[in-house]
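Open the model in your viewer and keep the selection panel at hand. We will go stop by stop.

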Amino acid sequence: MHTISLTANPSAHISILAVPLIEGREKDLPVSDQENLISAYGVSAKQDSVTRVPSENGTLLIVGCGKQLNFRDFAATAVRASAKILNLAIDLTAATEDQLREAVEGAALGAQTPNTYKKSEVKLEQVELIVDPALVNLDIQPSISLAEHVIKARALINTPANDLWPDRLAQICQQTAEGTAVSVEVWDETRLEQENCGGILGVGRGSTRPPRLVKLSYQGGGKHLGLVGKGITFDTGGLSLKPAESMVGMKYDMAGAATVMAAIFAIEALKLPVTVTAILCLAENMPSGQATRPGDVLKMRNGKTVEVLNTDAEGRLVLGDGLTVLSELNPDHIVDVATLTGAATIALGNRYAGLMGRGEAITHVKQAAATAGELVWEMPLPEELRPLLDSDLADIANVKIGNRAGGMLIAGWFLSEFVPESASWAHLDIAGPANNDGAPYRSTPKGSSGVAIRTLVQFARDLAEN
Ligand code: BES
Ligand code: ZN
Ligand code: ZN
């Protein structure tokens with residue numbers, strides 16, 4: 001990645017300066033004869049639009065910021081637009097201390113996601129942030145470190161399933177933990193059997209690559225934040241096979257696991273005075289002669305039996321066990337993160353994560369997301385939907401066959417069976433925003449977004465302060 005530094009005056013060798021343009025504020029641009037330039041170059045203040053125009057001291061990169069200047073988005077867009085040049089300066093002279101931290105995060109998040117399958121065309125080496133002289137000595141390392149964890153998670157999530165399977169991801173956790181204060185415990189299939197994790201085992205049965213549960217712990221003292229992530233390294237749907245088109249992209253189905261992993265390592269790197277446990281529920285959902293069949297009954301770790309009517313609703317099965325393992329540790333708050341339902345994208349589109357749960361955790365997540373600049377939307381768990389999961393054969397069914405109403409909420413109800421009634425619990429369905437099929441926008445690249453990591457880290461920061 002490019003280096004990022006603060007300075008009051010740009011170095012002489014940097015000839016491109018990125019400046020923000022807010023709608024209706026064209027006169028703030030540092031160019032003479034503006035109107036002419038604006039019409040000649042098609043400069044636009046629209047969010048994410050970028051235009052290069054010559055000026056007295058080199059090239060100006062004019063970044064459209066819409067109605068309101070968000071420094072994280074501005075810096076990210078400037079960096080992304082400059083991938084093919086060597087050096088860039090960004091005008092942040094108007095930023096306050098907090099805004100500067102956001103801008104540093106953005107300047108790092110705008111880097112292209114590393115990809116080992118194709119030669120990189122990125123040339124950008126150096127980004128200088130031009131700041132108020134009073135802020136040149138601000139410690140920007142925490143912001144850079146957070147962004148680096150997000151970028152690593154994006155790369156992991158983008159990795160195709162032929163190169164990433166449950167045990168491989170478990171190994172990556174072990175390697176990542178070396179030299180850090182995060183401890184790692186991996187449960188293989190034998191241990192999962194001993195621990196009665198029938199949900200994770202039931203989902204993993206169809207694959208030649210067995211399931212794993214990874215427990216990451218960081219003891220920073222203070223409040224205990226418990227995290228659970230859905231880690232399906234590929235979701236074919238199992239015997240309830242997905243249609244060809246819907247199966248494309250299902251390598252992203254481990255995004256929840258990568259998110260909680262990145263969050264705990266980032267929290268450790270920041271040395272936040274909180275205790276964090278992250279449980280990764282890892283399995284590959286494949287059809288085979290060994291696979292769980294529609295109609296099979298699984299016995300979960302908390303003793304409840306589940307009639308699996310659709311093997312494609314597998315995320316809730318692995319998370320059920322993960323939530324039980326975590327709840328046994330009695331954390332102060334529980335947050336699970338999962339690409340859980342297609343219904344989440346029908347309800348909320350591709351930019352908002354659905355937020356459900358019980359108790360204080362909901363408010364904490366909403367607040368943290370707002371501070372971190374991520375989009376979450378609270379959804380209800382309506383009472384009348386719960387009976388849809390009643391089963392004649394088992395304690396609960398994993399879906400209601402033929403029902404299409406409220407799919408995201410029903411999944412939320414299913415998960416609630418594995419969280420103690422009194423627990424403070426938030427469930428984030430990131431099926432929509434985890435992956436960006438479209439053009440990059442704000443600080444989000446094409447492909448995996450790394451969404452929710454910053455929200456979780458902010459949640460930990462808020463817990464550390466109160
Ligand atoms: N991994 C999918 C959810 C998903 C769909 C994520 C599209 C991202 C984009 C999940 O395991 C799944 O298949 N859910 C089913 C549930 C249904 C069978 C009740 C779905 O959403 O169709
Ligand atoms: Zn599925
Ligand atoms: Zn899935």
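The tour below starts at a metal site, moves to a ligand and ends at a sheet.

**Before you start.** This is a predicted model, where local features need pLDDT of at least 70, side-chain atom pairs count only at pLDDT 80 or more, and totals for chains, interfaces and linings use all residues. Residues are numbered from 1 along each chain as its sequence is written, chains are lettered from A and ligands numbered from 1 in the order in which they are written, and side-chain values use heavy atoms, with hydrogens and water left out.

**Stop 1: the zinc ion (ligand 2).** Select it with Asp235, Asp312 and Glu314. Asp235 (OD), Asp312 (O), Asp312 (OD) and Glu314 (OE) coordinate the zinc ion (ligand 2) at 2.0 to 2.2 Å. Donors are N, O and S atoms within 2.8 Å of the metal (3.2 Å for Na, K and Ca); water is not among the atoms, so sites may look incomplete. Along the chain, the donors of this ion follow the spacing D-x76-D-x1-E.

Aspartate 235 bridges the two zinc ions, ligand 2 and ligand 3, which lie 3.2 Å apart. Aspartate 235 sits in strand β9 (residues 224-235) and aspartate 312 in the loop between β12 (305-307) and α10 (315-327), so the pair ties together parts 77 residues apart in sequence. Helices (H or I, at least four residues) and strands (E, at least two) are DSSP runs, numbered from the N terminus.

Is each aspartate buried or exposed? Aspartate 235 is buried, with a relative accessible area of 3%. Aspartate 312 is partly exposed, at 23%. Buried means under 20% relative accessible area, exposed over 50%, and partly exposed in between (1.4 Å probe, protein chains only).

**Stop 2: ligand 1.** Select ligand 1 and aspartate 235 again. An oxygen atom of ligand 1 is 2.9 Å from an N or O atom in the side chain of aspartate 235. Next, pick aspartate 253: an N or O atom of its side chain is 2.9 Å from a nitrogen atom of ligand 1. Then pick glutamate 314, where a polar side-chain atom lies 2.8 Å from an oxygen atom of ligand 1.

**Stop 3: the sheet.** Colour β11, β12 and β16. These three strands form an open sheet in the order β11-β12-β16, with mixed pairing. Two strands pair if DSSP finds at least two bridges between them. β11 (297-299) and β16 (396-397) are the edge strands, each pairing on one side only. Two bridges join β12 to β16, and these run parallel. Finish on glutamate 307, which stands opposite alanine 397 in β16.

How values were computed: Polar contact = N/O pair within 3.5 Å; in protein donor to acceptor, adjacent residues only side chain to side chain.
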